[in-house]
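Colleague: I am new to this structure. Could you take me through it, and say how each description is reached?

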Amino acid sequence: MTVEFDGVGIRLGGAEIVRDVSFAVPRGRVAGLLGANGSGKSTLLRALYGAVRPHEGEVRIDGVPVPRLRPRERARKVAVVLQDTMIDADMTALEAVLLGRTPHGRGFGADRAADLRVAHGALDRVGAADVAGRPLSALSGGYRQRVSLARAIAQDGEVLVLDEPTNHLDIEHQLELMHLVADLGRTTIAVLHDLNLAAAHCDTVAVLHRGGLAAVGPPRDVLTPGLVREVFAVDAITLTRPDTTAPVLAFDRAVPRTEDVPASRTEPEPRDASSPAGPSSRPAAGPASPRPAAPPPRAH
């Protein structure tokens, strides 16, 4: 399924949190949603799974605006893994994963055996089969995160929404999770804070800055030293992995923020000499190439 954000603006409590965001994620691709804290990333995701409604623009799944989808239909299409999933801590891991079968109208009736097979398979796929019978309260944060992903896999939605999915995971399991997400072949949008993880595992990245879209496109074209300096307020140089040619960012010191200059209009610094390509101040054209917009004041 294709996901489209078309001129999306979102207000919460009278404050404009997201402003004029437009980009698309083609079927089966993995998109990283990046930005500093408070830039509107999680709020934009909430519009995708129907938790908030934009005051302007639309979020569409295969051309259908999200508000037009009935809750049950939406749950069949979109599986969500949040940072803090409110599930009864006395539930076992297996019981939590079985909740993912609820939108399909199964799990407590004649199809119970089939649902159990799906749930066990999902736990095995995320490396958590050994904790199937243990209560969530007895699991580490990393295992609970894996159980949440297993629930989303069992839900079988074609769109996967991940809000900081690598939170609580060590580096080994961060890499395993990102490889697993790519192997699922589902249209995926993930909020990530690790820029190198996004550069290595995302087909495209969209960077939010004070609620507006600073840049969107392939990681190599978007994650330039100039953009990193403006959006994240740190110096960086770009290196290149010789085996994959993926960009690798090396960070230095924090720098003063430029509050009044849009990131999309900042000239990027030259790439490191190890990069075979020259710098690009504009993201590569994709399925939907939004115009850069001056970001609004930072959301509180």
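Modeller: This is a predicted model. Start with helix α1, residues 41-48, which lies across β1, β2 and β4 (56-61). Its direction is at about 115° to β1.

Colleague: Which strands make up the open sheet, and in what order?

Modeller: There are 4 strands, in the order β2-β1-β4-β5, and the pairing is antiparallel. The edge strands are β2 (15-25) and β5 (64-65).

Colleague: What makes β2 and β5 edge strands?

Modeller: Each of them pairs on one side only.

Colleague: How do you know that β1 pairs with β2?

Modeller: Two strands pair if at least two bridges are found between them. Strand β1, residues 3-12, is joined to β2 by 7 bridges, so the pair qualifies. The two run antiparallel. One of the bridges can be located by residue: E4 has A24 in β2 as its partner.

Colleague: Why is strand β9 called largely enclosed?

Modeller: A residue is buried when its relative accessible area is under 20%. In β9, residues 204-209, that holds for 6 of the 6 residues, so the strand is largely enclosed by the rest of the structure. Both faces are covered by this: T204, A206 and L208 point one way, V205, V207 and H209 point the other way, and all are buried.

Colleague: Which strands does β9 pair with, and are they parallel or antiparallel to it?

Modeller: Strand β3, residues 30-34, is joined to β9 by 4 bridges, and these two run parallel. L34 has V207 in β9 as its bridge partner. With strand β10, residues 212-217, β9 pairs over 5 bridges in the antiparallel sense.

Colleague: What is found between the strands of the β9 and β10 hairpin?

Modeller: There are 2 residues between the strands, and in this hairpin R210 takes a positive phi near 55°.

Colleague: Why is α5 called roughly parallel to α6?

Modeller: Helix α5 (residues 141-155) and helix α6 (residues 171-184) pack at an angle of about 5°, and their axes are 12 Å apart. Angles under 35 degrees count as roughly parallel, so α5 is roughly parallel to α6.

Colleague: Which residues meet where α5 and α6 pack?

Modeller: From α5 come R146, L149 and I153, and they meet H173, L177, L180 and L184 in α6. By class, this contact has 5 nonpolar, 1 polar and 1 charged residues.

Definitions and conventions
Residues numbered from 1 in each chain as written. Predicted model: local features only at pLDDT ≥ 70, side-chain atom pairs only at ≥ 80, totals over all residues. Heavy atoms only, no water. Contact = heavy atoms within 4.5 Å. Axes fitted to C-alpha atoms, helices over the stretch in contact; angles between N-to-C directions. Buried < 20%, exposed > 50% of the residue type's maximum accessible area, 1.4 Å probe, protein only. Parallel < 35°, antiparallel > 145°, perpendicular 65-115°, else oblique. Nonpolar A, V, L, I, M, F, W, Y, C, P; charged D, E, K, R; others polar.
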